[in-house]
Amino acid sequence: MQRKLRMAMIGGGKDAFIGAVHRLALNMDGQIEMVAGALSVTPETAIESGRLLFLDESRIYTDYKVMLEQEAAMPADKRIDFVSIVTPNFVHFDPAMMALDKGFNVVIEKPITFTLEQAKQIKEKLAATGLTLLLCHTYTGYPMVKQAKQIVKSGVLGKIRKVYVEYPQGWLSTFLEGTGQAQASWRTDPKKSGKAGCMGDIGTHAFNMAEYITGLQVTQICSNLNIVVEGRLLDDDGAAFLKFNNGASGVLMATQIAAGEENNVKIRVYGEKGGLEWQQEDANTLKVKWLDKPAEIYRTGGAYNSSFAAHNTRIPAGHPEGYLEAFGNLYRNFALTVRAKINGEIPKEEWLDFPGVEEGIRGMAFVENVVASSQSNEKWREFTI
């Protein structure tokens, strides 16, 4: 197949934050072209958004169900290859299932669905169709996050003993949803966001980072969630103790009321022989600390990095790579994998290194378990799926 993959977007119209980010990311490598969209539930906004993106008038839709039906009926030389779903949490499941039913691969914002049961149904549908799903846990796309994973995997740190992961934000330090601000309004509404607020929105990122870099899985959890801002309906602050399947312990913190904080995701992992540290505010740097020798600093673009880090590095060392490039890496790896499968080829291991349905299920299980643990009088809760 010698052409760009064709894509349609659901949600992400002209006033949406994350839709614009997705479009920047998917356009970064020239692998994908957006040819259709149902960009808003408001017809006027959907049409205006499509026109602003210069979509063909016949492929600007005001209903995603109509779009998927009509796109599926298109001839092979026009039909889309995948859909990108960038709607609020409660509008993830139905369009994803319909897209898979129509034979389209799927990119979807996290968390994958509104409930754990829905995530399991998507897994069953993927197994039945053989299609591919990308879940947009952006931070796994950073070169130094991938390098951290490979260092842990190599065993040089020894058995992992301790994990600290945190995601502090401050944008919800006031009752912002009371002003009608769109992002705050749906994220703090249990009917649109789900059981968890802060923990569903950014706690899932911290959880995913902990499991991705260590290669371990959480087996027990003990959490405390808080509603700090008066009148808010969902948690805006919380923390959890974690136990992993190798015996390691961990601490996870996520908050959206840490006034002055932006998006300083940070993780520290400690083994028997050494530890490592990465944070988004200095994303090109990975610190590795040793028990009995000087600390090391790994930098994005260094010739000493793993093939996984190198594959996801775009520019020479010393130039900062950030959030958009990490997001672009997810789309590129997904596109390379889908293209290889269409061509009957085996995707390279580096291409397959992107979050999918398994991470989606574990993320939804985290939401279920972190809320249940906080509501329980038990000290520890088994992490159930």
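Visitor: Which residues lie nearest the centre of the second largest pocket, and how many residues line it?

Guide: A pocket is found on a 1 Å grid over the protein atoms alone, as an open set of points where a 1.4 Å probe fits, with protein on both sides within 12 Å along at least five of seven lines, and lining residues have an atom within 4 Å of a point. Here 19 residues line the second largest pocket, and Lys149, Asn208, Glu211, Tyr212 and Glu359 lie nearest its centre. The model is predicted, with local features needing pLDDT of at least 70 and side-chain atom pairs pLDDT 80 or more, while totals for chains, interfaces and linings use all residues. Residues are numbered from 1 along each chain as its sequence is written, and side-chain values use heavy atoms, without hydrogens and water.

Visitor: Which element gives the largest share of that lining?

Guide: Helices are DSSP runs of H or I with at least four residues, numbered from the N terminus. In this pocket α9 gives the largest share, 5 residues.

Visitor: At what angle do the axes of α9 and α12 cross?

Guide: Axes are lines fitted to C-alpha atoms over the stretch in contact, with angles from 0 to 180 degrees between N-to-C directions. The axes of α9 (residues 198-214) and α12 (residues 357-375) cross at roughly 120° and come within 9 Å. The pair is therefore oblique, the class left once angles under 35 degrees (roughly parallel), over 145 (roughly antiparallel) and 65 to 115 (roughly perpendicular) are set aside.

Visitor: Which residues of α9 meet α12?

Guide: With contact meaning heavy atoms within 4.5 Å, Met199, Gly200, Gly203, Thr204, Phe207, Asn208 and Glu211 of α9 meet α12.

How values were computed:
Helices (H or I, at least four residues) and strands (E, at least two) are DSSP runs, numbered from the N terminus.
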